[in-house]
Amino acid sequence: MSTDRIPVMIPWLGEEEAKAASDAVLSGWVAQGPRVAAFERAFAERVGAEHAVAVSSCTTALHLALVALGLGPGDEVVVPSLSFIATANAVRYVGAEPVFADVDLATGNLTPATVDAIRTPRTKAVLAVHQGGVPADVHALRAACADWDLPLVEDAACAIGSTVGGKPVGHGALIAAWSFHPRKLVTTGEGGMVTTDDAEWAARLRRLREHGMNASAADRHASNKPVLESYLEVGYNYRMTDVQAAIGLVQLGKLDAMIARRRELAARYDELLRDVTGLTPVRDPAHGQSNFQSYWVLLDGEFPVGRDDLLAALAEAGVSARRGIMASHLEPAYAGHPGAPLPVTERITRDTLILPLFHTMTEAQQDRVVAALREQARR
């Protein structure tokens with residue numbers, strides 16, 4: 001067994017991020033302040049949205065998006081089960097019920113057909129995920145939701161830099177939620193963002209992230225007169241710090257380089273795995289391009305080793321692969337939750353694994369991953 005283990009992901013962080021964080025600390029303003037505002041402006045410009053509201057995580061971003069839509073008890077929200085469990089949990093946070101829809105086998109994403117199959121008169125919204133950075137066909141989903149008179153929320157946690165029809169994911173979205181977890185391309189350690197083109201929603205989201213307060217600490221600090229804040233509704237403590245935002249600004253400046261390198265590595269995986277029978281890599285859909293936040297492969301009956309045994313063999317070879325995307329409806333938290341059969345979801349979650357992919361990955365490391373896969377394919 002190799003002692004030089006290849007991780008599944010390494011954030012691309014360095015001296016520039018360290019200096020930015022240090023500068024924020026030394027400035028004396030470490031809570032939500034001017035760097036958060038600058039990060040919001042830069043992020044909104046990057047994804048083509050009018051407004052961006054920084055929050056503490058993508059989970060809190062999803063929660064606030066559903067609060068902004070006015071969802072609550074008695075409402076149903078169509079979501080993919082094939083997603084990190086936070087997607088479904090956010091629906092429960094507002095008292096609504098997640099209704100699990102199946103997904104497309106090639107992309108792992110909702111389609112108008114899979115949503116239409118399970119929507120009911122109680123359906124009040126659709127929550128689509130750009131899974132693993134593979135963009136959902138939001139043009140088709142938006143058109144279908146418009147016909148059904150339903151709002152479409154986009155969980156873009158993994159999708160910064162992915163595109164649909166040549167435009168960034170997030171461009172034209174009613175409301176979208178983003179993640180800056182270390183597994184994502186742009187990281188602030190923890191953190192999230194909500195984007196929207198609706199100015200009133202953005203203003204309310206800013207209040208809600210700060211206990212429902214009508215004047216932020218930055219507003220009070222900037223004023224030459226005493227500011228007596230009011231609390232307009234029950235809100236939350238979902239703020240981002242200026243230290244996080246300082247790191248995020250540096251990371252955002254690296255995004256194009258990150259995407260270019262990840263797409264280069266994904267293309268090299270494609271070429272090296274082209275002749276391996278029984279293994280289908282994730283690829284760009286016809287409607288867009290992925291940032292390859294995750295590079296996963298789907299096994300079929302021709303591959304001689306099951307997914308779990310393959311993960312174990314890769315680990316023995318010093319390769320830290322991961323199981324594919326989880327299916328929330330199979331987790332104990334959703335035991336007994338009613339729903340329609342989800343055969344594609346269950347196949348993907350059973351038969352996929354995520355291979356190592358990170359900005360500083362070398363060709364030698366990638367060759368080791370492929371060699372370990374080929375050894376198992378020959379069994």
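Predicted model: local features only at pLDDT ≥ 70, side-chain atom pairs only at ≥ 80, totals over all residues.
What is the order of its seven strands? Reading across, it goes β1-β9-β8-β5-β4-β2-β3. The sheet is open, and the pairing is mixed. At the edges stand β1, residues 51-55, and β3, residues 97-101. Each has a single partner strand, so one side of each has no neighbour in the sheet. From one strand to the next, the twist averages 25°.

Take one pair in detail. Strand β8 is residues 175-179, and β9 is residues 192-196. They pair in the antiparallel sense, over four bridges. Trp-178 stands opposite Met-193 of β9.

Next, a pair of helices. Helix α11 is residues 307-316, and α13 is residues 363-377. Their axes come within 10 Å and cross at roughly 130°. That angle is why α11 counts as oblique to α13. The crossing is right-handed.

Which residues of α11 and α13 make the contact? From α11, they are Leu-310, Ala-313 and Leu-314. From α13, they are Val-369, Ala-372, Leu-373 and Gln-376. By class, this contact of α11 with α13 has six nonpolar residues, one polar and no charged ones.

How values were computed:
Residues numbered from 1 in each chain as written. Heavy atoms only, no water. Pairing = 2+ DSSP bridges. Helix = DSSP H or I, 4+ residues; strand = E, 2+ residues; numbered from the N terminus. Axes fitted to C-alpha atoms, helices over the stretch in contact; angles between N-to-C directions. Parallel < 35°, antiparallel > 145°, perpendicular 65-115°, else oblique. Left-handed = near helix turned anticlockwise from the far one by under 90°. Contact = heavy atoms within 4.5 Å. Nonpolar A, V, L, I, M, F, W, Y, C, P; charged D, E, K, R; others polar.
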